[in-house]
Amino acid sequence: MNVTDIKKRQNEEVACWLEPVKELTPNTVITLEKGLTALVKVDGVTKILMKEKATVYSLLNPGKTTKTFFGNRPYADSEICVIDQSSEFTAEWGLAGADAIPYTDVELGNVDCKLVAFGTYYYKIQNFVNFRNAIPFGTTGKITRDDIREYLRAETTDIIKTVLTSALGASNLKKCRENISAYTEEILERINKRLDSKGLAVYNFVITKLDYDPAHAHIRSAIDAKKINVVAAGLDNKAEQEYVKTEEMKAKNVVVPIMNAAARANNDRDRTTVVCPRCGEENKRGANYCLKCGEKLTK
């Protein structure tokens with residue numbers, strides 16, 4: 001009897017993989033470790049195996065135990081795709097750097113600046129067949145949790161940014177913070193509508209931070225102080241805007257040495273933390289994005 005015994009991948013964050021199989025016949029027994037689900041494809045027909053043991057024949061012909069004549073010949077085309085659902089999948093998201101939200105700060109006299117936003121969400125593989133057809137395996141024959149997070153990042157970033165930009169344009173930062181729950185519901189609805197055909201679903205979407213870009217924090221302080229002098233001198237708004245542009249250019253020059261310092265600091269600090277290469281913030285080792293500025297962290 002041909003037996004294919006499938007176990008979880010050890011010491012890997014592998015969420016889905018193609019199980020190496022030489023050939024499948026109707027009497028091949030497939031055993032699954034608890035927490036695994038398999039998509040068994042034979043000659044163009046795909047079936048889902050969720051229980052821990054089954055023959056290929058019983059999977060394709062539920063309730064039947066007898067086999068047809070010549071039934072043990074190998075299938076011409078076969079594949080076993082395995083999905084690990086033994087633990088919850090979590091992801092961090094962030095809008096910072098190039099993805100920071102453009103914002104006109106009325107409180108600062110219609111000054112153009114940027115806002116950052118961060119949060120978390122849970123996700124799950126909801127439709128195994130759609131997921132298998134939508135997400136490419138590439139040449140490795142496996143999909144890691146990082147692969148899915150990066151895929152979700154590409155699929156969700158523009159939705160999150162669009163909703164928050166629209167909300168900020170119709171209101172202000174203070175009001176948006178007070179109505180975060182309404183925006184999370186809209187974002188979640190839009191994301192899941194897009195992901196439905198991909199076999200993925202997002203839930204427990206949370207916005208943990210919506211604030212000024214740290215790169216603009218000292219600009220804001222400088223503007224607050226400078227505005228007093230600008231108003232006292234009776235200068236027009238054009239002069240103030242020129243001042244803001246000058247301060248922004250200075251801010252850009254400040255970011256570079258911080259990035260270099262962060263790279264050096266990672267070699268000296270406790271290896272349970274990782275320093276963000278963009279803003280210098282210490283993050284817990286294993287985090288995908290900086291909790292302060294949203295920059296992707298190097299593991």
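**Aromatic pairs, cavity and backbone**

Biologist: Is tryptophan 93 buried or exposed?

Modeller: Tryptophan 93 has a relative accessible area of 6%. Buried means under 20%, exposed over 50% and partly exposed in between, with a 1.4 Å probe and protein chains only. Tryptophan 93 is therefore buried.

Biologist: On what kind of model do such values rest?

Modeller: Residues are numbered from 1 along each chain as its sequence is written, and side-chain values use heavy atoms, with hydrogens and water left out. Local features need pLDDT of at least 70 and side-chain atom pairs pLDDT 80 or more, while totals for chains, interfaces and linings use all residues, for this is a predicted model.

Biologist: How many helices and strands does the protein have?

Modeller: Both are DSSP runs numbered from the N terminus: helices are H or I of at least four residues, strands E of at least two. On this basis the count is seven helices and 14 strands.

Biologist: What percentage of the contacts with a separation of 6 or more comes from residues 24 or more positions apart?

Modeller: Contact means heavy atoms within 4.5 Å. Among the protein's contacts with a separation of 6 or more, the share from residues 24 or more positions apart is 65%.

Biologist: Why is the pair of phenylalanine 89 and tyrosine 123 classed as it is?

Modeller: The structure holds four aromatic pairs, meaning rings of Phe, Tyr and Trp (its six-membered ring) with centres within 6.5 Å; planes under 30 degrees apart count as stacked, over 60 as edge-to-face and the rest as tilted. For phenylalanine 89 and tyrosine 123, the ring centres are 5.1 Å apart and the planes stand at 40 degrees, so the pair is tilted.

Biologist: What is the relative accessible area of tyrosine 123?

Modeller: Phenylalanine 89 is buried at 4%. Tyrosine 123 is buried too, and its relative accessible area is 1%.

Biologist: How is the pair of tryptophan 93 and phenylalanine 205 classed?

Modeller: The two rings lie 5.3 Å centre to centre, with 10 degrees between the planes. Tryptophan 93 and phenylalanine 205 therefore make a pair that, by the cut-off of under 30 degrees, is stacked.

Biologist: Which residues form one aromatic cluster?

Modeller: Tryptophan 93 and phenylalanine 205 both belong to the cluster. With Tyr121 included, the cluster consists of Trp93, Tyr121 and Phe205.

Biologist: What is the volume of the largest cavity?

Modeller: On a 1 Å grid over the protein atoms alone, a cavity is a set of points where a 1.4 Å probe fits but cannot get out, and lining residues have an atom within 4 Å of a point. Grid points are joined across faces, edges and corners, and a volume is the space filled by probe spheres set on the points. Two cavities reach 30 Å³ or more. The largest cavity has a volume of about 80 Å³.

Biologist: Which elements give two or more residues to the lining of the largest cavity?

Modeller: The lining includes Trp93, Tyr121, Arg149 and Ile160. Two or more lining residues come from β8 (89-95) and α3 (145-170).

Biologist: Where is aspartate 43 found?

Modeller: Phi of aspartate 43 is near 45 degrees, a positive value in a residue other than glycine. At 44% relative accessibility, aspartate 43 counts as partly exposed. Aspartate 43 is located in the loop between β4 (36-42) and β5 (45-49).

Biologist: In which strand is asparagine 204 found?

Modeller: Although not a glycine, asparagine 204 has a positive phi of about 55 degrees. Its relative accessibility of 46% makes asparagine 204 partly exposed. Asparagine 204 belongs to strand β12.

Technical notes. On a 1 Å grid over the protein atoms alone, a cavity is a set of points where a 1.4 Å probe fits but cannot get out, and a pocket is an open set with protein on both sides within 12 Å along at least five of seven lines; lining residues have an atom within 4 Å of a point.
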